[in-house]
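Trainee: Can we go through this one together? I'd like to start with the charged side chains.

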Amino acid sequence: MYQSPSTSPAVGGDASAEFRGAILRHLTYTCGKDASHAQTTDWRMALSYAVRDRIVDHWFASTRATYAAGGKRVYYLSMEFLIGRLLQDAIVNLQLDQQAKRAMRDLGLDYDTVLHDEPDAALGNGGLGRLAACFLESLSTLGVPAYGYGIRYEHGLFRQSFVDGRQIEAPETWLAQPHAWEFERPEAHFEIGFGGAVRETGKRAVWTPAQAVVAQAYDTPVIGWHGRWANTLRLWGAKPVELFDLERFNRGEFAAAAEPEALARTISRVLYPDDTTDVGKELRLKQEFFFTAASLRDILRRFESEYDDIKLLPAKAAIQLNDTHPAIAGPELVRLLHDERGLDFNDAVEIARGCLSYTNHTLLPEALERWPESLLARLLPRHATLIERIDAAHKAAHPKSGVKVIEHGEMKMGELSFIMAHKVNGVSALHTELMKSTVFKDLHTLHPDRIVNQTNGVTPRRWLLSANPRLSELITGTIGDRWVDDLERLTGLEPHLDDAGFLDAYAGAKRANKVDLSNWLKSEHGMAADPDAMFDVQIKRIHEYKRQHLNILEAIALWQAIRENPDAGWTPRVKIFGGKAAPGYFFAKDIIHLINDVAAVLNADPVTRDYLQVFFIPNYNVTLAERLIPASDLSEQISTAGKEASGTGNMKFALNGALTIGTLDGANVEIREQVGAENFYLFGMTADQVVARRSVPGHAVKAVAAEPRLAAALKAIRSGVFSPEEPGRYAGIVSNVGGDDYFLVASDFADYWRAQRDVDAAFTDQQAWARMAALNTARSGWFSSDRTIRGYLADVWHAGSLLT
């Protein structure tokens with residue numbers, strides 16, 4: 001078994017001096033700066049390179065151990081890896097905190113200023129990408145040989161700002177400066193084709209693409225806890241086959257000469273380009289095939305460097321598809337095995353299925369991708385034919401089934417992913433059962449052993465130890481530090497919850513975090529938030545099913561109630577929102593605009609502003625989450641029951657001692673089971689009740705009529721109270737809530753109002769609140785991504801750790 005190299009070659013003062021020397025060497029010889037002229041970014045880069053040096057030794061040792069063991073590797077294919085800032089993560093996992101702080105102090109620098117200079121890597125949007133990042137860190141902590149594969153987006157999703165309350169999108173610029181953590185791999189590149197023609201040669205075919213780009217690898221090492229193991233995040237950047245057309249340039253066609261590079265780079269410029277147009281759809285499909293095809297070729301290249309028998313592939317490679325974005329992996333792996341390596345088609349399908357497994361993340365139709373047959377046939381002609389053959393083979397094996405991959409001129413990636421995977425997993429207990437009974441009901445009937453559950457988790461190193469040092473120190477001082485890689489040890493806190501001294505310290509850590517957030521809000525955004533008020537936080541992608549509009553409607557109703565009776569002893573509350581709306585999702589963008597318009601009115605109202613304020617913080621990302629979550633009192637997890645697959649934000653909040661107000665949706669169900677129903681503010685219909693309610697004619701009209709507070713809130717919006725210059729600005733939201741209301745905002749409003757008033761009453765008893773918050777922390781240990789990965793290893797991947 002593998003033994004990792006020592007993290008620190010020296011101890012005490014010698015270690016600090018050596019580390020300081022490494023920083024100065026990198027400042028001079030890597031960054032090309034002397035200390036007297038170096039800026040904060042120069043020092044941050046030098047510190048990053050010094051830390052990276054320590055990682056590389058473990059990275060190389062882990063790679064050598066992997067090859068020596070000859071075992072199974074895990075390959076995680078994901079469109080997103082929301083890794084955030086990496087410097088502090090690496091320092092914490094290598095346990096270099098004290099050395100780094102001392103070195104910065106000795107060099108006359110503020111440690112926190114240097115850390116916060118690092119931009120967030122713009123490689124994801126929400127829970128899908130953050131989960132992938134947590135999984136990679138846990139795979140390294142557990143010592144499992146693994147690669148993450150994705151795209152090296154130059155501009156990410158977008159940088160969000162607000163102008164007159166409206167969301168404005170601008171490109172992220174995280175790569176405007178060198179990225180200290182990546183290694184470019186010019187030797188690791190593959191030509192990826194699109195379009196063209198297919199020529200049949202007997203039972204096989206030859207695909208000759210009409211266009212091609214080069215997928216170039218960039219590697220980032222991912223270090224685990226204690227620095228005992230490091231895996232690789234390999235991201236693909238798109239480059240042209242021919243970089244520059246000199247002949248056209250010399251003819252004076254300067255822009256045309258650079259066109260190949262511009263067109264190729266389009267593929268890896270932006271995460272989730274707007275697909276409301278045909279060209280947008282084409283780009284999305286190109287992106288998905290680009291990174292999936294490059295990753296599969298890289299996996300086969302590595303396998304064939306060690307083994308001669310391709311039939312061993314399922315024993316050596318576990319390939320996880322993170323949602324349907326890499327669904328094309330099924331037909332592409334079949335093509336590589338059948339067309340390029342000569343395997344029989346049926347054998348190729350079975351080998352591919354033995355390698356592939358698929359994580360479903362949502363039951364929403366738009367997330368279960370469907371591509372027009374015409375687009376797929378034009379862009380990937382061989383794959384379109386192979387999908388037809390896979391569909392036909394499945395139908396032949398199950399002639400009485402009505403399951404179809406191809407239907408109504410569309411190719412359905414959810415069904416394709418299911419058929420081509422040996423295991424399909426949901427991400428919470430409820431979601432997994434709903435998969436079986438709804439979207440994959442027929443497939444589950446045919447393959448009853450294929451669907452398994454793996455409830456999501458979060459890495460405690462990032463989301464407690466690093467993000468919340470005050471609480472982490474209290475926990476370690478109370479039960480020791482073994483919880484960091486064995487999170488269920490947090491249950492050891494429970495005997496201390498009747499100790500007033502412990503609860504005072506717990507509440508003190510929370511309040512100090514709130515003061516930090518309040519100061520930051522004031523200095524960065526001019527927002528004045530009283531740290532003694534309840535910090536009520538909803539941070540997530542803006543979507544109708546996540547129901548940010550339910551939250552703001554309740555805020556309007558509360559504002560109206562306070563205005564009517566300002567002396568009724570209201571609990572002061574600061575509502576904080578964060579999240580981005582997809583550029584083409586206009587309803588979601590209207591929700592953002594409404595929240596900002598409401599905030600402008602409420603925050604300026606002298607009657608209510610001491611009791612209720614609303615803030616929408618722009619450009620939500622990992623770093624902002626690390627600020628908000630440790631300072632939060634209340635976690636808003638209010639999606640329509642049956643729509644949120646799992647969520648991981650809900651876990652982070654509970655772990656950091658925020659109480660949840662939520663529905664029985666996703667992992668909320670399991671959080672409530674773990675922390676206790678008395679420590680969770682439940683409201684709303686169940687998933688079954690949601691289905692039944694939708695069948696009631698005029699359900700929204702009836703709900704509004706039965707709830708005067710909701711009717712008054714909608715009337716205020718409709719009459720232009722929050723948009724006097726344009727009274728009809730939110731007519732779409734008002735008509736939706738009072739009309740179709742698919743996500744049942746109106747029907748759940750009254751119970752949501754009731755639960756919020758229960759929260760108000762509980763918050764007035766700060767000692768009891770602190771005990772409930774501490775119970776949430778003590779009982780959230782099950783939601784570690786280490787536990788999730790162990791589940792995948794046992795139930796899906798059949799792989800193991802190489803650590804002793």
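Trainee: Which residues are linked in a network of salt bridges?
Mentor: D536, E554, R573, K575, E636, R757 and D760. A salt bridge here is a side-chain nitrogen of Lys or Arg within 4 Å of a carboxyl oxygen of Asp or Glu. Keep in mind that this is a predicted model, where local features need pLDDT of at least 70, side-chain atom pairs count only at pLDDT 80 or more, and totals for chains, interfaces and linings use all residues. Residues are numbered from 1 along each chain as its sequence is written, and side-chain values use heavy atoms, with hydrogens and water left out.

Trainee: How far apart are the closest N and O atoms of E554 and R757?
Mentor: They are 2.9 Å apart in that salt bridge. The pair links distant parts of the chain, with E554 in helix 22 (residues 548-564) and R757 in helix 31 (residues 745-763), 203 residues apart. Helices are DSSP runs of H or I with at least four residues, strands are runs of E with at least two, and both are numbered from the N terminus.

Trainee: Are E554 and R757 buried or exposed?
Mentor: Both are buried. Buried means under 20% relative accessible area, exposed over 50%, and partly exposed in between, with a 1.4 Å probe and protein chains only.

Trainee: How many salt bridges does the structure hold?
Mentor: 66. Among them is R462 with D89, at 3.1 Å from N to O. R462 lies in helix 19 (residues 460-466) and D89 in helix 3 (residues 87-94), so this pair ties together parts that are 373 residues apart in sequence. Both R462 and D89 are buried.

Trainee: And E253 with R248, buried or partly exposed?
Mentor: E253 is partly exposed at a relative accessible area of 29%, and R248 is partly exposed at 26%. Their side chains meet in a salt bridge, 3.1 Å from N to O.

Trainee: Switching to helix 23. How many of its residues are buried?
Mentor: 13 of its 18, so to speak of its cover, helix 23 is mostly covered. Helix 23 spans residues 586-603 and reaches 25 Å from its first C-alpha to its last, close to the 26 Å expected at 1.5 Å a residue. That expected span is 1.5 Å times one less than the number of residues.

Trainee: Last topic, strands. How do strand 3 and strand 4 run?
Mentor: Strand 3 (residues 159-163) and strand 4 (residues 166-170) run antiparallel, joined by five bridges. Two strands pair if DSSP finds at least two bridges between them. V163 has R166 in strand 4 as its bridge partner.

Trainee: What sits between the two strands?
Mentor: Two residues, in a hairpin formed by strand 3 and strand 4. D164 in the turn has a positive phi of about 55°.
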